[in-house]
Amino acid sequence: MANGSRLAAWEFFGAELRRRREDMGLSQAQLGALAFVSGTYIGQFEQAIRKPQMDLAIRFDEILKTDGIFERLCMGLINDRRYADYFAKAAELEALATKICDFAPTVVPGLLQTAEYARAVTLATNPLATEEYIEEKVSGRMDRARILKDATRPVYWVILHENVVRIPVGGPVGMARQLDHIAALVRERTVLAQVLPCAAGAFAVMNGTLTLMEFDEAPPTAYTEAVYSGNLLDDPAVVKRAYAAYDLLRAAALSPEASLALIESAAEDHRRCASTT
């Protein structure tokens, strides 16, 4: 489903939720109380700012007596081929998070990728894929990144290993543009970024990515990913360990100011490399 049509579908979900709520004579706060969320959340669902999870869609059907319409709508929207099966649930939670902390040891996180970078990464792992498949995956990345532009965007903190900024994914020109994009988000104060330098040596979480997510009305969650697999972790003890690991990464990383300088310097290095080839 194309980016625009997915947005329109979520807007339809929100408009239908509002219509059915008003038909029942319920305010946003009243529906929220019955569904165990705030009235503010109901308003954000109705405006397609936030996307409800399946359990909440089912509760809407029960409360509003809508014979499964919200469950079916939600199922169609979250059953999205643009995301790997193991990541689909994490993508839904990502859209609901109030704070996200990412650690990336090799690849720019999806929320920060340019379309050019996303295309290069997708082609590298799917060299024989159709153009439709590639565009579908790139569209998914760009759609996810919209949350950083929303008025209700989450606090976003990212730690990039220096390898991420040095590897010229998509060629030196494309990589320079990717780093320019990250630097612009930092300067706009949309993103807080740090770089873990190669000189730091061994570091916590060497075996994959780590994402921490916090929510207004749910406990924090951690997501880890390796090759063709991902794990969504919600056990409090395990999540606590993940937060401790992220604290170690923060302590070993450069300051935000030094990190921005390194990102901008690396962008210039890629541009110089492009000019000499």
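In the predicted model, T190 is located in the loop that joins helix 10 (171-187) to strand 3 (192-196). The relative accessible area of T190 is 11%, and because the cut-off for a buried residue is under 20%, T190 is classed as buried. When neighbours within four places in sequence are set aside, the contacts of T190 are with L148, R153, Y156 and L185.

The largest pocket holds about 1100 Å³ of space. Its lining consists of 39 residues, and those that lie nearest the centre of the pocket are Y86, V107, V121, R141 and E225. Both helices and strands contribute to this lining: two or more residues are given by each of helix 6 (85-94), helix 7 (115-125), helix 8 (131-145), strand 1 (99-104), strand 4 (209-214) and strand 5 (221-226). Helix 7 supplies the largest share, with 5 residues. By residue class, the lining of the largest pocket comprises 22 nonpolar, 10 polar and 7 charged residues.

For the second largest pocket, the computed volume is about 470 Å³. A set of 20 residues lines this pocket, with Q53, L93, L96, E217 and A218 nearest its centre. The elements that provide two or more residues to this lining are helix 3 (39-46), helix 4 (54-64) and helix 6. Of these, helix 4 gives the largest share, 3 residues. The lining of the second largest pocket divides into 12 nonpolar, 6 charged and 2 polar residues.

The buried positions are G39, Y41, I42, G43, Q44, F45 and E46. Just after the end of helix 3, the backbone at A48 adopts a positive phi of about 65°.

Conventions:
Residues numbered from 1 in each chain as written. Predicted model: local features only at pLDDT ≥ 70, side-chain atom pairs only at ≥ 80, totals over all residues. Heavy atoms only, no water. 1 Å grid on protein atoms, 1.4 Å probe; cavity = no way out; pocket = protein on both sides within 12 Å on 5 of 7 lines; lining within 4 Å. Points joined across faces, edges and corners; volume = space filled by probe spheres on them. Helix = DSSP H or I, 4+ residues; strand = E, 2+ residues; numbered from the N terminus. Nonpolar A, V, L, I, M, F, W, Y, C, P; charged D, E, K, R; others polar. Buried < 20%, exposed > 50% of the residue type's maximum accessible area, 1.4 Å probe, protein only. Contact = heavy atoms within 4.5 Å.
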